[in-house]
Amino acid sequence: MQLTVQGKQMDLGDALRSHVSEKLEDINTKYFNRAIDATVTFSPEGQAFTKTHISIRVGKDIMVISDATETDPY
C-alpha cells in the first residue's frame, strides 16, 4: 500500500508518521488486505485542535474516508 502523510500549515515529526503508518497497515491487514493507497492529512483547527482526514482506496471504485478533530493528533 502506498502511503502519503502530510501536514497543512504544520510540521509532522517522524514519530507521528511512523505511528500513522503502523496503524494503517494494521487496519489494512485486518479489514481490507488489498488497499491500493492511503492519504492522511493533518491540519490545525483553532488553538488546541488538530483535524485529521484519512482516505483509503480499497479498490477501483471503493474509497473509505474518515475525518476527526481531536486535541491529540495520535
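Biologist: Where is the place of T50?

Modeller: Start with how elements are named. Helices (H or I, at least four residues) and strands (E, at least two) are DSSP runs, numbered from the N terminus. T50 sits in strand β3. This is a predicted model, so local features need pLDDT of at least 70 and side-chain atom pairs count only at pLDDT 80 or more, while totals for chains, interfaces and linings use all residues. Residues are numbered from 1 along each chain as its sequence is written, and side-chain values use heavy atoms, with hydrogens and water left out.

Biologist: Is T50 buried or exposed?

Modeller: Buried means under 20% relative accessible area, exposed means over 50%, and partly exposed lies in between (1.4 Å probe, protein chains only). T50 has a relative accessible area of 10%, so T50 is buried.

Biologist: Which residues does T50 touch?

Modeller: Contact means heavy atoms within 4.5 Å. Residues up to four places away in sequence are not counted here. T50 then touches M10, F42, S43, E45, A68, T69, E70 and P73.

Biologist: S43 is in that list. Which strand holds S43, and is S43 buried or exposed?

Modeller: S43 belongs to strand β2. Its relative accessible area is 15%, so S43 is buried. Leaving aside neighbours within four places in sequence, S43 is in contact with K8, M10, F49, T50 and K51.

Biologist: What about K51?

Modeller: K51 lies in strand β3. Its relative accessibility is 33%, so K51 counts as partly exposed. Neighbours within four places in sequence aside, its contacts are T41, F42, S43, E45, A68 and T69.

Biologist: How many strands does the open sheet have, and in what order?

Modeller: Pairing comes first. Two strands pair if DSSP finds at least two bridges between them. This open sheet has four strands in the order β1-β2-β3-β4, with mixed pairing. β1 (2–7) and β4 (62–70) are the edge strands, each pairing on one side only. For angles, axes are lines fitted to C-alpha atoms, for helices over the stretch in contact, and angles run from 0 to 180 degrees between N-to-C directions. With direction ignored, neighbouring strands of this sheet are turned by 10° against each other on average.

Biologist: How many bridges join β1 to β2, β2 to β3, and β3 to β4?

Modeller: β1 and β2 run parallel, joined by six bridges. In this pair, Q2 stands opposite D37. β2 and β3 run antiparallel, with nine bridges. Here D37 stands opposite R57, and V40 stands opposite I54. β3 and β4 are antiparallel too, over nine bridges. K51 stands opposite T69 in β4, and I56 has V64 as its bridge partner there.

Biologist: What do the hairpins look like, and which residue takes a positive phi?

Modeller: The hairpin of β2 and β3 has three residues between the strands, and G46 takes a positive phi near 75°. The hairpin from β3 to β4 goes through two residues.

Biologist: Where does α1 lie, and what is its angle to β2?

Modeller: α1 lies across β1, β2, β3 and β4, and runs at about 135° to β2. Handedness needs a viewing rule. A crossover is right-handed if, with the strands pointing away from the viewer, the path from the first strand over the helix to the second runs clockwise. The β-α-β unit made by β1, α1 and β2 is left-handed.

Biologist: Which residues make the largest nonpolar core?

Modeller: A nonpolar core is a set of buried Ala, Val, Leu, Ile, Met, Phe, Trp, Tyr and Cys residues joined through side-chain atoms within 4.5 Å. The largest has 11 residues: V5, L12, L16, V20, L24, A35, A38, V40, F42, I56 and V58. Elements giving two or more residues to this core are α1 (14–32), β2 (37–45) and β3 (49–59). Take A38 as a case. Residues up to four places away in sequence aside, A38 touches M1, Q2, L3, T4, L24, S55 and I56.

Biologist: How many aromatic pairs are counted?

Modeller: Rings of Phe, Tyr and Trp (its six-membered ring) pair if their centres lie within 6.5 Å; planes under 30 degrees apart count as stacked, over 60 as edge-to-face and the rest as tilted. The count here is one aromatic pair. The ring centres of Y31 and F32 are 6.5 Å apart and the planes are at 55°, so the pair is tilted. Y31 is exposed, with a relative accessible area of 56%, whereas F32 is partly exposed at 24%.
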